[in-house]
Amino acid sequence: MSDKRVLLIVGGGIAAYKCLELVRLLRKSGIAVRCILTKGGEAFVTPLSLAALSEDRVYQELFSLTDEAEMGHIQLSRSADLVVVAPATADLMARAANGLANDLATTALLATDKPVLMAPAMNVRMWNHPATQRNIATLAGDGISFVGPDEGAMACGEFGPGRMAEPAAIFVAIMERFTQEPVLDLPLKGRRALVTAGPTVEPIDPVRLITNRSSGKQGFAIAQALSALGAEVTLVAGPVALPTPPGVHRIDVETAIQMQAACQAALPTDVAICVAAVADWRPAEEGALKIKKGPDGPPAINLIENPDILAGLAAQGPNRPKLVIGFAAETNDVEAHARAKLTKKGCDWVIANDVTQPGVMGGEANTVLLVTHEGTERWDKAPKSDVAKLIANRIAKALT
Ligand code: CTP
């Protein structure tokens with residue numbers, strides 16, 4: 001790797017301190033590192049630390065006489081094989097997405113003809129904000145790739161996606177770009193996964209509907225964890241207010257019938273995990289006009305049963321995913337009901353949770369039972385992202 005060069009743009013976030021370790025890892029493998037430190041970045045790490053670890057001078061000013069004389073910003077932007085932005089803050093990404101060039105970092109990003117890898121880092125609400133998600137989609141459309149963010153506890157005290165990927169993970173992503181092949185043998189590489197998540201909504205008339213309580217958080221976390229292990233993931237999601245996990249192919253649906261059709265279209269897959277809270281029934285007819293209050297009192301709503309998507313996937317014959325996994329949301333006799341569903345729906349595992357426990361519905365943590373044909377395991381209470389990682393690792397083990 002001694003002929004490779006990275007231009008590292010250090011943005012202004014607390015995660016900037018992790019860049020020092022990233023520079024050390026890159027230098028240790030013989031990769032030359034040249035740093036641009038933004039004004040915000042300088043609030044968190046010093047130019048001296050970066051210069052010492054990169055063994056090069058650090059560039060900071062767009063209109064610096066000495067910098068421009070030694071190396072113009074155009075040349076700087078092209079002096080590397082790869083441009084890495086870490087931490088890529090919400091502000092830096094917003095400016096880059098809009099083609100601004102109001103400091104050295106954004107000018108280099110606009111002027112470069114080299115591939116760009118960004119490691120986003122920000123507060124969870126900032127990450128989830130539609131503006132940030134729009135900017136990410138724009139940058140991805142411009143050919144920029146991403147590593148992370150991770151999900152977990154943050155320096156700001158909140159919890160969720162937004163934490164910068166660890167230096168080791170960014171290092172691996174850089175090495176993959178240089179070698180054009182995976183450095184780590186990801187256990188689900190080449191595997192296809194289907195995940196359903198969120199509620200379905202069943203219209204009664206143009207303004208009313210029947211739905212289930214479901215935040216979609218557990219399903220989205222599972223899609224993200226499977227993708228992180230290298231799987232090609234299709235996430236069929238009912239209406240939820242969650243961002244698409246990086247690298248996941250998301251299909252938005254509303255009704256159970258639409259969810260079933262999207263799942264069928266996603267086959268064949270190696271694994272299917274049905275986390276969605278599908279409405280069991282739908283109104284037999286959707287009124288074309290709003291039902292009005294009248295002298296006859298409340299209307300009777302005639303319900304018919306929705307297709308069971310999970311049971312349908314488990315009964316696909318030759319197209320059946322090797323592993324079909326259901327979820328069971330129960331309020332009592334959790335294990336017995338989960339075991340009954342395992343048999344009734346023809347799936348391989350049922351992951352059961354007691355939804356009477358505080359914080360399960362819509363919250364961040366989950367306590368689950370893994371019910372298989374071999375037995376039952378009780379897992380300790382854990383954040384939904386950790387439960388998702390445990391499930392993804394189990395799936396990887398079962399498929400190899
Ligand atoms: N499921 C499905 N399609 C349906 C109903 C449920 O795919 N029409 C899936 C869910 O995604 C979940 C599993 O079946 O993986 C169990 O869902 P749950 O609501 O717990 O069970 P139900 O089958 O609805 O049974 P009941 O409401 O009687 O508990």
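1. A salt bridge is a side-chain nitrogen of Lys or Arg within 4 Å of a carboxyl oxygen of Asp or Glu. By this rule, the count in the present structure, which is a predicted model, comes to 19 salt bridges.

2. Lys39 forms a salt bridge with Glu61, and the closest N and O atoms of the two residues are 3.6 Å apart. Lys39 belongs to helix H2 (residues 39-42), whereas Glu61 is in the loop between E3 and helix H4 (65-70), so the pair ties together parts that are 22 residues apart in sequence.

3. The next point concerns the domains. The domain assignment gives domain 1 (5-179) and domain 2 (192-285 + 298-399). Seven residues from domain 1 and seven residues from domain 2 take part in the contact. Taken over C-alpha atoms, the centres of domain 1 and domain 2 are separated by 36 Å.

4. The size of an interface is often given as the accessible area lost when the parts come together. Between domain 1 and domain 2, the buried area is about 610 Å². Carbon and sulfur atoms give 55% of that area. What does the rule find across this interface in the way of salt bridges? The number of salt bridges between domain 1 and domain 2 is zero.

5. Most residues other than glycine have a negative phi, and most peptide bonds are trans.

6. A cis peptide bond joins Ala86 and Pro87, with omega at about -5°. Pro87 is part of strand E4 (residues 82-88). The peptide bond from Gly148 to Pro149 is also cis, and its omega is near 5°. Pro149 is situated in the loop between strand E6 (145-146) and strand E7 (150-153).

7. Glu55 is placed in the loop between helix H3 (47-54) and strand E3 (58-59).

8. The last point concerns the surface. Which residues form a nonpolar patch there? The patch consists of Ile14, Tyr17 and Phe44, which together have about 320 Å² of accessible area. Of these residues, Tyr17 is in helix H1 (residues 17-28).

Technical notes. Residues numbered from 1 in each chain as written. Predicted model: local features only at pLDDT ≥ 70, side-chain atom pairs only at ≥ 80, totals over all residues. Heavy atoms only, no water. Patch = residues over 30% accessible without salt bridge, like charges linked within 9 Å, V, L, I, M, F, W, Y side chains within 5 Å. Areas by Shrake-Rupley, 256 points an atom, 1.4 Å probe, with all protein chains shown as cover. Helix = DSSP H or I, 4+ residues; strand = E, 2+ residues; numbered from the N terminus. Domains from an automatic or database assignment. Contact = heavy atoms within 4.5 Å. Buried area = accessible area lost by both parts, 1.4 Å probe.
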